[in-house]
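This briefing is for a reader who is new to the structure. It begins with one residue and then turns to the chain as a whole.

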Amino acid sequence: MAFELSLPARGTTVRTSPGTTVPDGAALLVPVASGEDGIEVPVTALAPSGLLEALVAVGAKGAAGEVTRLLIDGSLVIAFGLGDASDIDDEAVRRAVGAAARALNNVEHAAVSTEFGAGPVVQGLLLGGYVYGGLKSTADVRDQNSDHDSDAETPQTTEITVIGADEAEHDAAVIVAESVNLARDLVNTPANYLYPESYAGVMREVAQTAGLDIEALDETKLEQQGFGGILAVGRGSSRPPRLVHLTWAPAGASTEVALVGKGITFDTGGISLKPASGMEDMISDMGGSAAQLAVIAAAARLELPVRVDAWLPLAENMPSGTATRPGDVITHYGGITSEVINTDAEGRLVLADAIARACEDEPSYLIETATLTGAQLVALGKRTAGVMGSDEFRDFVAESGRNVGEQAWAMPLLEEQEEELTSPIADIRNTHNARTGGMLFAGLYLSRFVPEDIEWAHIDVAGPAWNGAGPYGYTPKRATGTPVRTIVEALTRLAGKQ
């Protein structure tokens with residue numbers, strides 16, 4: 001079965017368009033809030049007469065995430081809670097609208113107004129309404145003999161008119177949301193369908209759609225050019241690795257940004273085998289590459305006046321007779337040697353090669369992201385990314401994430417770990433085999449491949465890229481698409497500085 005891709009992303013159950021009037025029969029999406037004296041209905045063009053009384057009668061509170069469906073004068077009203085009326089911002093709106101998007105069962109047409117901003121509303125709808133179609137059979141297993149629509153298993157699409165939205169603002173929000181959903185689709189795809197070769201094929205399709213240049217290095221070219229880290233991780237699999245280079249090069253761009261993203265299409269841990277429990281979630285270990293693919297596609301579709309080069313190393317980390325062993329020494333692109341202490345610390349090995357190659361072109365900035373360490377979850381939890389790198393640029397990227405609702409926190413690179421990085425038989429070693437500061441050690445390892453004159457940031461999204469619990473706000477279960485919006489925001493702000 002071939003992997004199929006389209007932009008907009010597959011599986012979305014919401015489609016939006018700007019408008020000035022409410023379509024006949026459309027459901028009304030109305031924001032409500034929690035005030036000091038109970039539920040409040042903010043000033044909005046779509047609130048029907050009697051809404052407040054009806055909400056009070058059914059006990060609605062306006063709490064964040066609360067969704068209340070009412071029938072008023074023959075119209076369906078879906079009231080979504082913004083939370084505390086004194087604490088409403090763009091993120092509160094995105095989350096509230098995202099929760100509303102998941103409550104649109106059997107709603108074909110709806111309308112929402114934009115008193116709280118078109119961008120947050122549109123992104124909340126498209127991100128919250130995301131559904132991954134998966135690989136389920138289209139057969140109606142409930143009654144194999146019944147007549148049924150052949151499209152019965154296709155996710156329902158709700159058409160939503162966004163009243164008062166500026167068309168340019170609407171379209172920009174759609175592009176960013178579709179890019180996030182593209183990353184989600186890729187991360188959700190099983191590894192027997194998405195492996196280095198097929199993944200590179202998907203990237204070609206995205207490049208053609210978005211107007212990007214693309215080059216893919218196969219295992220022969222990787223060997224010829226000395227990409228020892230990527231080859232070391234991929235040599236245990238029957239599916240050989242790839243390095244994909246995508247470019248967005250608008251005329252007149254004076255700022256050059258390199259993007260690097262970890263693309264481990266499945267991670268068993270290699271010879272240092274992971275525990276079996278939960279290993280199925282390791283289809284998500286290519287989340288960094290999916291995010292960067294989505295980011296560069298968004299940059300092109302948004303026509304950002306910044307040159308962007310994405311270097312995406314793809315490999316499958318498997319144990320076999322040809323796999324890299326603990327104790328082996330590998331030579332990275334550029335010549336640095338590394339002792340492999342643990343083959344489950346493989347992401348930094350492929351990233352190091354890609355970072356070294358990206359820096360060869362002397363970009364102004366480098367942003368790299370990966371589902372890199374379990375230590376990130378220990379340090380910052382499941383929803384907050386750790387950001388390391390050049391002090392000023394690290395802080396800039398972390399702030400960019402917080403600006404768009406993707407929580408990120410600046411973290412240090414520790415001087416005392418420099419000694420732990422040394423190896424008796426190589427330039428460096430890939431892990432310190434300690435329980436302390438694992439996320440920071442990984443960042444320190446990667447720092448060895450970045451020249452001092454390049455501003456760079458490493459974003460560890462091991463927790464935030466995958467939601468193993470239930471959906472919340474505009475975040476679905478499983479793949480989240482983090483940190484696509486963080487990096488698009490950073491690129492947009494860099495474009496404004498030119």
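**Thr-44 and its surroundings**

Apart from neighbours within four places in sequence, Thr-44 is in contact (heavy atoms within 4.5 Å) with Val-30, Pro-31, Ser-113 and Glu-115. The model is predicted, so local features need pLDDT of at least 70 and side-chain atom pairs count only at pLDDT 80 or more, while totals for chains, interfaces and linings use all residues. Residues are numbered from 1 along each chain as its sequence is written, and side-chain values use heavy atoms, with hydrogens and water left out.

- Thr-44 lies in the loop between β3 (38-40) and α1 (51-57); helices (H or I, at least four residues) and strands (E, at least two) are DSSP runs, numbered from the N terminus.
- Thr-44 counts as buried, because its relative accessibility is 13% and buried means under 20% relative accessible area, with exposed over 50% and partly exposed in between (1.4 Å probe, protein chains only).
- Between the C-alpha atoms of Thr-44 and Arg-478 the distance is 34 Å in space, and the two are 434 residues apart in sequence.

**Thr-265**

- Thr-265 is placed in strand β11, residues 263-267.
- Thr-265 is buried, with a relative accessible area of 1%.
- Leaving aside neighbours within four places in sequence, the contacts of Thr-265 include Ala-191, Leu-194, Tyr-195, Met-282 and Glu-316.

**Nonpolar cores**

- A nonpolar core is a set of buried Ala, Val, Leu, Ile, Met, Phe, Trp, Tyr and Cys residues joined through side-chain atoms within 4.5 Å.
- The largest nonpolar core has 92 residues, of which Leu-29, Leu-125, Leu-186, Leu-246 and Leu-259 touch the most other members.
- A second, separate core has 39 residues, including Leu-217, Phe-227, Leu-351 and Ile-428.
- In soluble globular proteins, nonpolar side chains tend to be buried together.

**The whole chain**

- There are 14 helices and 21 strands in the chain.
- The radius of gyration of the chain is 24 Å, close to the 23 Å that the globule rule gives for 498 residues, so the chain is as compact as a globular protein of that length; the radius is taken over C-alpha atoms, and the rule is 2.2 Å times the number of residues to the power 0.38.
- Along the principal axes, the C-alpha atoms fill a box of roughly 80 × 60 × 45 Å.
- Of the 498 residues in the chain, 56% are buried.
- Among contacts between residues at least 6 apart in sequence, 76% join residues at least 24 apart.
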